[in-house]
Structures are given as structure tokens and as C-alpha cells.
Amino acid sequence: MELTLKSLSPLAYGALNCRKNFAMASPRMRIKQGRSELPNLTITSKIDELQVTERRSANYHPSIWDPKFIESLSTPYTNEGYSNQLEDLKEEAKRVIKDARDTSSRLEFIDSMQRLGVAYHLEEEIKEAIDLVHLDDTATDDLSTTALDLDFYDNTAIQLAQVFDQFRSKDGRFMDGISQDIAGPLSLYEASHLGVEGEDDLEEARRFSTIHLKSLVGNLESDLADQVQQSLEVPLHWRMPRLEARNFIDIYQRRNTKNSALLELAKLDYNLVQSSYQTELKELTRWWTDLGFKEKLSFSRDRLMENYLWSMGIAPEPHFSKCRIGLTKFICILTAIDDMYDIYGSPDELRRFTDAVNRWDTEALVDLPDYMKICYLAMFNFANEMAYDALRDHDLYILPYLKSQWLNLCTSYSMEAQWFYNGYKPSIDEYLSNAWTSVGGPAAMVHAYFLMGCATKGNLNNCLDNASNLLYWSSLITRLSDDLGTSSAEIARGDVAKSIQCYMIEECISEEQARDQVEKLIRYSWKKLNEASTNSSLPKSLINSSLNMARSAQCIFQFGDGIGTSVGVTKDRLTSFIIKPILIEPSTKPYLDGMKMSNRR
């Protein structure tokens, strides 16, 4: 049977076209696009003249962050002042992992390290400990321990559903007894989000555990009830690591069985990493001010801090400083160009800008209005500077890859502009096949790949080619999360239809029903992303950054448009991540005295 657009679901259509549309695995694979192959904005000159004289506006509020305030940030927590204490606490954590009395306590300790955001300090020790656990084929009848064990099956093809067979009755259903203790269904619920497409038993596990968690939550102590409710809203696997670290520090601190050394390590690490973030933001503030977008492109969002939130979410570990700085610059320039296509540029101006990106030549500036010259040169100089650094430091010529991503991005923006000015309502298939690119995910991940130092001459082409499915599903989740958070505001100002509106029109359903459909697509996409991230020879940092981009999107758009309207939750989270350190009580005795091995919840 011949597959046609109409015979495919939106996700199947997207996956089928993923490699074709990605166009970044190798410069030689990219179609040489000329003027005739760019979206043809066939708009009358009358409309064009109207757009030039009557520009649209999104009425974005000014930045809530004063550059002088960012420059003034300081903290007493520095690596120079606390390096010895940090090393002592890391050594104690190593000892606890090594000397744990049983598998359950060892797994719980490692799980706590991950949730507290400090596992990156002891990657070797954790890997050795997990390998020992997996070599032990002794079965456990403890559901929460079994579920924890699954968290550490990294990059393997284990069939998760089979692991839970021992907790089923003869008729195949989960035993009612495991739902009496909150730890059982909660662990089962979290583990069910680690599966891949086709594991129907895990879907049953998710439904079973969800029903029982909802029935138990009203009878729990407030602290535990809050944790369960948070998991029902956002499972652990979907959470932005830095946000989870901050939240879990408070939770872990209230546990009677907490390990004092681990808690102090988590607090100190959080404050030291925050110090690194402050240093990076000071540098970025000076760059952003010098760039002049705020004065020259007043229609665009002035969101340096919020764009840094993206970079911090994608690559939170302190050793990825270069990546965060470069990625923030990329996102700031992308944001201005996105706003230019979305709300400000006329059809003819947008056609000329897209053509200029395709030409990648400063002579193309002649055809652009002044405000576009600023955007174009910022993009052009940023890409060329990044390519120069890669050539100088790593002997890699990456400019064709960067150019390809900017062209893909602007071409996708141009397509959406064409739909808007022609009053065209795309089908959900059409929308998603373009929107996974226009959200900026593939371009961001390609930039992160180079900025993290993953690339070598030997793996460059194959790595990016093999990453296409990983980046597609991560970008699709990012797009769908964005739509859930921003769709209402964007439609109110007359933007092109998003996934929610496409569903409403195509299937004649309500907005609530359409949102349910999008949420189902997100759950499906996470399964596909899980599949793409396992059994993979890709660099671990690229896999993690792709997962983290999807997690960051969920965090940023959970309560609405966390970038366009950056007050409220976004401001609170940035204050926690960047500005406000965690109080560390002065210790009355040496750090290594009286530290408990037990880490039971």
C-alpha cells in the first residue's frame, strides 16, 4: 500500500519525513536551495504596503531584569573558597556508595544523588555500583526497589514491563496489595514513564498507579501529598534537572533518614554552580548590551535571563559553561528573528531576508531594511565566530552545518508567515512537519553538539545523521509544550494556527479536547524519545541535552508563556536558580563526623 499524507498520523508523518527535513547530517546532503525553492510568498503589493506602514505588535513587556542588577550579583560561595570542603563531602559520598549494607539502600542513595543534582561528581563510582547491582540476579519482592533499579538501565534494550511480572496476579493484573503503601504505586508510576512505544503493559502500569495515587493522595500527610501531586502533574523523567534539584533539597532535608553529608554536598554544589551561572550572566549581559537589539529591535522580546534559562536547562553541569554562553547567544538572536517573522516583517521583507540567509553573503545586506541588517549581521557574525573557534581549537570546519541550520530555521519561519498572510489553515500533519523545525530545537541541539566539544573529525557526519530521530522527538515535545503554553496568547493577536487550533479545525472538537490530543502526543513522543536515546552510540552529552531540552520546555511552558510573559513563575525560578543561594547552617563539628549510611525514605 502506498503511504500518503492522509493515511499517516501526524507523528508517523513527522517520523517519515524526519531525515528528509532535518537536512543537517552533512553539508553535502543538503539540497542546494535557490530562490525558487524558498517558500513563495505570493502576496499582493497592497498587502505588503499595508504591513510596512502598519506594523503588528505583540506588546511584549520590557525586560524585568536590570543589567546593572545582573552585573551586581555576588555570592560568598566560590570554588576557591570551598574546594576542600566539596572534596571532603564527595569522598564521604563515595564511601557511602561503597559500604551500603544492601542493594536497596545503595540504589536509594544513588537515586537521591541524581535527584539532588550531584551525581555528575561521582559518575565512575555510580556506574561501578550499578553494574554490581545488575550482576546480582537475586530477585527482590520490593516494588519501589525494583522500580529504582530500572532508572539505572541506561542505554539498554531491557523490556521494562517484564521486570514487573512478579507483581502481577495469575490473570495478568497488578496485585491490589501493592497499592496499599504509597511507595509502591508511586514507584510504579514513575517507572512507567521510562518505557518505549509498544510496551502496552507499562501503559497499564501507568493507568493502574494513577488511579491508586489519586485515591490515596487525600489521606496522605501534606508533604507527601504534595510530592504525589507533583508527580501526577510532571513525572520525574520529564522534570528539568536543576528545578528538581532545588525542590528535592527541601524534601530531602525534611526526611528523618537523610544522609547529612549528601544533603550538605547538594546544598554546597547548588550554591557553587549558581556562582558559575552568575559569572556567565555578567559576561552575557555585556554582550547583549553591546549587541544593541533592545534599542534597534524594540518589537522583539528582551529576554536575556529567560533565554539563559533554556541554556541552563539543556546543559546544567558547571563544565558546560562555554555551551551555555554560546547557546544563550544563539537563542537571543533566534528570538529576535522569530519575532521578526511572526509579527513585524512585511511579506516582501521576509522573502528577502530568507533569500539573504540562503546566500550567506554580506552583499545580501543591500536588499534588506535597516532593522533586518542588524538581525542578519548578528546571526552571520555569531555563526562565523563560532565556526572560527571550532577550526582554531579543534581543527573542525563546522560553518556549513551552522549555515544549514539557520537556513532551515528561517525557511520554516517563512512557511508560517506564508500561511498567516494567505489566511491558510494547515492540517495537523502540515503544521507538525514544519513546526518541529520552527521551534528551534534541531538548530539548538546542533549548536549544543559543537559547543559541548562532542564533535571530532571521525564522528562528525555519522553522529549528526544518527541523531536525527533523537532531535526530532525532542524538538516535537518542545513544540507541543510551547503550543500548550503560548497558543491562547498567540491566537488572540492573530498568529498562524498552532497544533491546538489545527486539531480543533480538522477534527471539529473543542479546545479542551484538542489540548487532550496534544497531551497524548506528548506522552507518545516521550516514548519515542526514550527509544531514540537508548541503545545509542551517540555522545552521552548530546543524548542528555536532547532529553533536557524537552524537559526544559515542559518547565518553561507549564503555566503559560514563560518567555513572552516572564513574570510570576519564571521570575521565581530564575531567582532561585541564579540569585538566591541556599542557606547552609554552620557546622558545629567536622563534616565527616556522625554521617549516616542509611538513606531510606
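Visitor: How many cavities of 30 Å³ or more are there?
Guide: Keep in mind that this is a predicted model. With the cut-off at 30 Å³, the count comes to three cavities.

Visitor: What volume does the largest cavity have?
Guide: Its lining takes in 31 residues, with W310, L334, D338, V439 and D482 nearest the centre. By class, that lining splits into 13 nonpolar, seven polar and 11 charged residues. As for the volume of the largest cavity, the figure is about 490 Å³.

Visitor: Which helix gives the largest share of the lining of the largest cavity?
Guide: Several helices supply at least two lining residues each: α16 (304-314), α17 (321-344), α20 (399-421), α22 (441-451) and α24 (468-492). The largest share is eight residues, and the helix they come from is α17.

Visitor: How do α17 and α19 run, roughly parallel or roughly antiparallel?
Guide: The axes of α17 and α19 (residues 370-394) come within 11 Å and cross at roughly 155 degrees. Angles over 145 degrees count as roughly antiparallel. So, relative to α19, α17 is roughly antiparallel.

Visitor: What is the handedness of the crossing of α17 and α19, left-handed or right-handed?
Guide: On the α17 side, the residues in contact include F330, I333 and M340, and they meet a set in α19 that includes M372, M379 and F382. The contact has 12 nonpolar, two polar and three charged residues. The crossing of the two helices is left-handed.

How values were computed
Residues numbered from 1 in each chain as written. Predicted model: local features only at pLDDT ≥ 70, side-chain atom pairs only at ≥ 80, totals over all residues. Heavy atoms only, no water. 1 Å grid on protein atoms, 1.4 Å probe; cavity = no way out; pocket = protein on both sides within 12 Å on 5 of 7 lines; lining within 4 Å. Points joined across faces, edges and corners; volume = space filled by probe spheres on them. Helix = DSSP H or I, 4+ residues; strand = E, 2+ residues; numbered from the N terminus. Nonpolar A, V, L, I, M, F, W, Y, C, P; charged D, E, K, R; others polar. Axes fitted to C-alpha atoms, helices over the stretch in contact; angles between N-to-C directions. Parallel < 35°, antiparallel > 145°, perpendicular 65-115°, else oblique. Left-handed = near helix turned anticlockwise from the far one by under 90°. Contact = heavy atoms within 4.5 Å.
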